[in-house]
Amino acid sequence: MTINNFLDFSSANDQIDPDEQEAQLSTHEVKSRLLDQLPHVLNYLFPEGKEKQKQFIVGDIDGNKGKSLVIELHGSKAGVWHDFATGESGDIFDLWAHHKGFDIRRDFSRVIESMSQWLGTAPTSSSSTPKRKKAPPMDDLGPVTAKWNYHDSEGNLIACVYRYDPPGGKEFRPWDVKARKQQAPNPRPLYQQPAIAINDYVIFVEGEKCADALSATGNIATTAMGGANTLVDKTDWSPLQGKHVMIWPDNDEPGRTYANNAARAIAAVGALSVSILDIPKDKPEKWDVADAIDDGVDVNEFIKNTPKITIDVPAPTRAYTVSEILADETPTPDDLIEPRVLTPGGMMVLGGAPKVGKSDFILSLLMHMAAGEPFIGLKPTKRLRIFYLQAEVQYYYLRDRIRSMNMKELMLWRASDNLFITPRLNLILNNEGYSTVKNLMRKASEKEPIDVIVIDPLRNVFDGGEEGAGENDNNTMMYFLKERVERLRDEINPNAGIVIVHHTKKIQKRQLIEDPFLSFSGASSLRSYYTTGALLYKPEENKAIRKLTFELRNGIGIKDKYIDKKNGQWVEVDPESERLVNQKHGEKLDAERIRKRDQIIQLIYDESLEGRVYTIAQFAEKFEGTEGLGGNRTIVERINVNATKGWIKFFKNTDDYDLPKAARSKFGYACVEDMRLPSKNIIDDDTGDTKTIYKRVKPTHYKCAQSGSVLPVENPDVWVYSDTENDE
């Protein structure tokens, strides 16, 4: 009971004592004098408050900074206050009692006495209000137009969100009840948790208004505090553990992005299922749940009949008995490319040496998959919709390559609208490049979702994040795969397959036979991450036939394939054919030269990882008579020949790598593709181990095949091989 209610009750009591009547009159007089100089009274009680239009604003009844408690200054409600964070309200007597530490019911007479004493020495006019310390500036948002309370699963109030509608547009202000501050709690709670706690099926929407509108239709709805602007990692998603969650996104880019990010977070906390409603393309921009209800849409029928994108939910961290596994009758998802070469949500990495034909091969594969046609024993389960992020071949040469494939017109027609290809893009997948690529993919998926995302080659778009380390660093590679590639997939289609085209490094032939996938360039984390590895290489360098080897994580092994190009098309050939196994004396000689070339290149590469570099003369002296390379003169000859063919180049910018000048050498130090030098050592925060950061060595000069002169490299980022090397 407020003091006003107390006075009203006393006036209505016919048995009131005359002395008490005199006290009541004294009380009215005190109240009248307080209200006459109300701004001065409030400045005295709450130095951190501020007058704003016809109200006095302060954080709470304790006088903290903020905007939650509002006190009316004029009219019949002068002195009446309301705390929008706690729901409490009262009048000027309640404020005074709380400030002085009195109980308004028990210590009423002491409250009046305290007020009277203050009034006896206080000025009687608000015009004499003393100057006080200026309060911090506050936004003039006007009156509160809506309020939403956030409770925990037990129904306890933990936060509030206030909406204002100033001339500049709607504004929202959160209130942390426990901290009694205008801020979002940490972590931020989900809306309507008591209802979530007792229901298995929950619909996640954007904003409290949409959640309330959907709840009114009989559904259980929730949202995260802050809507699409919410920091997903700042929200406590745990109330959705063990629930079936469907997300109804707002029909705009921020809404779709937020839905995908929220889906990942909800799946990660252990939801039983997560799906995203695929809003029809004919709906207006920003169309949401509240708009649907305003349009008269039967939301239950709409939810039932609208397609949904299913999000893979990680299996809970638990152990299963064999009987539980065998009793599970859930069907295995269909492959994207059979047999288990590319599965939904999977990743295939296709590797190969320079000029082995990777890009030509992958283009043929994608054309067949987009047309729904088999290709050298690989079969798509449908006509796949593919986005090919291609970063090497320029537009006109890309067009020429497609025309030279000699595909049947029907097949071209079937693939034509399903395969999207970018001409050579000059970008990396950093924040800016990521946004550009995402928008391109969004446009390509307007009609139907993208089934496969292809990146060719990884090196051209690789982003190492803030550390800036290269592909050989495990942490950097994992950052790229998770924060760039996986994030892109999650925003476009979480069930899409990923294909990455990547270079292989130079390794010994024996190692190629024992474990060819060790030849992938970059950190070992790449191999541990993919679901399928595919390697395209020449088993005999002097032959045109390639070998295609697979490493599957989601299926049994695939027999190696031997392929060749005939009339512009890739076909399988018999590995036992005379063309593959018959060698002449001259061919054996070529093979020996190629062996020495690969051995020299591998030695230059391996030595660089240890911080050692060589001029031609230094290398020949160091490795004379070792590794089967022959004498000094033979090694020098082999290096010079392969330098004219582009396999070996040179660098002279030794200051960039803290190296001494290359003495007595017009070429400088020898350099091979993807060569790296140690840059610095850092401590791994996770393991405490020391790890080395490498710096890529870029060539500055090459040996001209025609004149033998040393000439500057035009573009050190692109490794060019001479046309004198027949490597079809």
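**Figure 1. Ile-376 in the loop between α12 and β16.** Ile-376 belongs to the loop that runs between helix α12 (358-371) and strand β16 (379-380); helices (H or I, at least four residues) and strands (E, at least two) are DSSP runs numbered from the N terminus. The model is predicted, so local features need pLDDT of at least 70 and side-chain atom pairs count only at pLDDT 80 or more, while totals for chains, interfaces and linings use all residues. Residues are numbered from 1 along each chain as its sequence is written, and side-chain values use heavy atoms, with hydrogens and water left out. Although Ile-376 is not a glycine, its phi is positive, at about 40°. Ile-376 has a relative accessible area of 10% and is therefore buried; the term buried stands for under 20%, exposed for over 50% and partly exposed for values in between (1.4 Å probe, protein chains only).

**Figure 2. Pro-187 and Gln-192 in the loop between β8 and α6.** The view shows the loop between β8 (171-176) and α6 (193-197), where Pro-187 is placed. Asn-186 and Pro-187 are joined by a cis peptide bond, with omega at about 0°. Gln-192 is also found in the loop between β8 and α6. The phi angle of Gln-192 is near 60°, which is a positive value in a residue other than glycine.

**Figure 3. A cis peptide bond between Asp-456 and Pro-457.** The bond from Asp-456 to Pro-457 is cis, and its omega is near -10°. Pro-457 sits in the loop between β19 (452-456) and α16 (458-461).

Figure 4. The structure holds 27 salt bridges, each being a side-chain nitrogen of Lys or Arg within 4 Å of a carboxyl oxygen of Asp or Glu. One of these salt bridges pairs Arg-264 with Asp-490, whose closest N and O atoms are 3.2 Å apart. Arg-264 lies in helix α8 (residues 253-268) and Asp-490 in helix α17 (residues 474-492), so that the pair links distant parts of the chain, 226 residues apart. Arg-264 counts as partly exposed because its relative accessibility is 33%. Asp-490, at 13% relative accessibility, counts as buried.

**Figure 5. The salt bridge of Asp-335 and Arg-340.** The side chains of Asp-335 and Arg-340 meet with an N to O distance of 3.1 Å. Asp-335 is buried because its relative accessible area is 9%. Arg-340, with a relative accessible area of 31%, is partly exposed.

**Figure 6. Lys-561 and Glu-572 on strands β23 and β24.** Glu-572 and Lys-561 form a salt bridge in which the closest N and O atoms are 3.9 Å apart. Lys-561 lies in strand β23 (residues 561-566) and Glu-572 in strand β24 (residues 569-572), so the pair ties together parts that are 11 residues apart in sequence. Glu-572 is partly exposed, its relative accessible area being 43%. Lys-561 has 10% relative accessibility and therefore counts as buried.

**Figure 7. A network of salt bridges.** Six residues are shown, namely Glu-253, Arg-256, Lys-438, Arg-442, Arg-487 and Glu-491, which salt bridges link in a network.

**Figure 8. Asp-288 and Val-205.** Asp-288 is part of the loop between β12 (273-277) and α9 (289-294). With a relative accessible area of 13%, Asp-288 is buried. In sequence, Asp-288 and Val-205 are 83 residues apart, whereas in space their C-alpha atoms are 8.4 Å apart.

**Figure 9. Leu-609 and Tyr-694.** Leu-609 is found in helix α21, which comprises residues 585-609. Leu-609 counts as partly exposed because its relative accessibility is 24%. The C-alpha atoms of Leu-609 and Tyr-694 are 7.9 Å apart in space, while the two residues are 85 residues apart in sequence.

**Figure 10. The packing of helices α22 and α23.** Helix α22 (residues 616-623) packs with helix α23 (residues 632-644) at an angle of about 135°, their axes being 9 Å apart. At this angle, α22 is therefore oblique to α23; under 35 degrees counts as roughly parallel, over 145 as roughly antiparallel, 65 to 115 as roughly perpendicular and the rest as oblique. Axes are lines fitted to C-alpha atoms, for helices over the stretch in contact, and angles run from 0 to 180 degrees between N-to-C directions.
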